[in-house]
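Notes are below, in the order I went through them.

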Amino acid sequence: RLVREVYSIERIRGLLERGVTVVIASHDLATVERLAGRVAILQQGRTVRVLEAGDLARELSLVLVVDGSPRAAAHVLAQRYPQVLCEPAGARVAIGPRETPEGILAYCREHRIGVRASRVVSRSLEEAAVATLQESGAL
C-alpha cells in the first residue's frame with residue numbers, strides 16, 4: 001500500500017523495527033544513511049547504483065585537518081585523487097584500491113599542504129553519491 005505522508009524519524013524507525021518497508025526520497029543524505037538498509041542513487045530518474053547498509057563501512061576515506069585554506073587543499077588533492085570533498089576544517093579523500101593513507105599524506109607533504117590531524121573513517125553516503133554521479137558524468 002502506498003502512503004504519502006511526512007513522518008518523523010522516530011516514526012520511521014518504529015515502522016522499520018516492525019518490519020515495514022519504507023521508501024524515503026530525500027536529499028538529506030546523513031539522515032538517509034542513519035535509517036536505510038539499502039540506498040538507490042538516482043540520476044535523472046534512473047538508478048545508477050544501489051548500496052547495501054554494510055557497503056559504506058567497507059569503503060574508507062582519509063579525513064584531513066589542514067593548516068590554511070581547506071578549499072585550496074581540496075583543490076590540490078583533487079588534481080591527484082578522483083574523489084575529494086572539501087570540509088570546514090580540511091578535506092576528505094576516498095581511499096581507492098591503489099591508495100594508502102600514508103601515500104595521501106606523502107602527497108600532502110610534497111605539495112606543502114600542512115596537515116594537523118588525519119583519521120581513517122568509513123565513507124559517507126554523500127561521498128558515495130558524489131563519486132557515483134562523477135563516474136556517470138552527471139557532475
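This is a predicted model: local features need pLDDT of at least 70, side-chain atom pairs count only at pLDDT 80 or more; totals for chains, interfaces and linings use all residues.

What follows are my entries, by residue and then by helix.

Residues are numbered from 1 along each chain as its sequence is written, and side-chain values use heavy atoms, with hydrogens and water left out.

**Gly 90.** I found Gly 90 in strand E5, residues 90-94. Helices (H or I, at least four residues) and strands (E, at least two) are DSSP runs, numbered from the N terminus. Is Gly 90 buried or exposed? Its relative accessibility is 1%, so Gly 90 counts as buried. For the labels, buried means under 20% relative accessible area, exposed over 50%, and partly exposed in between (1.4 Å probe, protein chains only). Skipping residues up to four places away in sequence, I got Leu 64, Val 66, Pro 70 and Leu 85 as residues that Gly 90 touches; contact here means heavy atoms within 4.5 Å.

**Helix H4.** H4 spans residues 70-78, and its buried residues are Pro 70, Ala 73, Ala 74 and Leu 77. Down the axis of H4 these fall within an arc of 100°, so they line one face of the helix. The arc is that of the directions from the helix axis to the C-beta atoms. What do the buried residues of H4 pack against? I listed strand E3 (60-66), strand E4 (84-87), E5 and helix H5 (101-110). Turned away from that buried side, the other face carries the exposed residues Arg 71 and His 75. At the start of H4, I saw a side-chain oxygen of Ser 69 within 3.3 Å of the backbone nitrogen of Arg 71.

**Two loop residues.** Gly 37 is in the loop between helix H2 (29-35) and strand E1 (38-43). Its relative accessible area is 44%, so Gly 37 goes down as partly exposed. Beyond four places in sequence, Gly 37 contacts Leu 51, Glu 52 and Ala 53.

Ser 124 is in the loop between strand E6 (115-122) and helix H6 (125-135). I noted Ser 124 as buried, at 16%. Its contacts, again leaving aside neighbours within four places, are Glu 33, Leu 56 and Arg 92.

Note on methods. A polar contact is a pair of N or O atoms within 3.5 Å; within protein, one must be able to donate a hydrogen and the other to accept it, and residues adjacent in sequence count only if both atoms are side-chain atoms.
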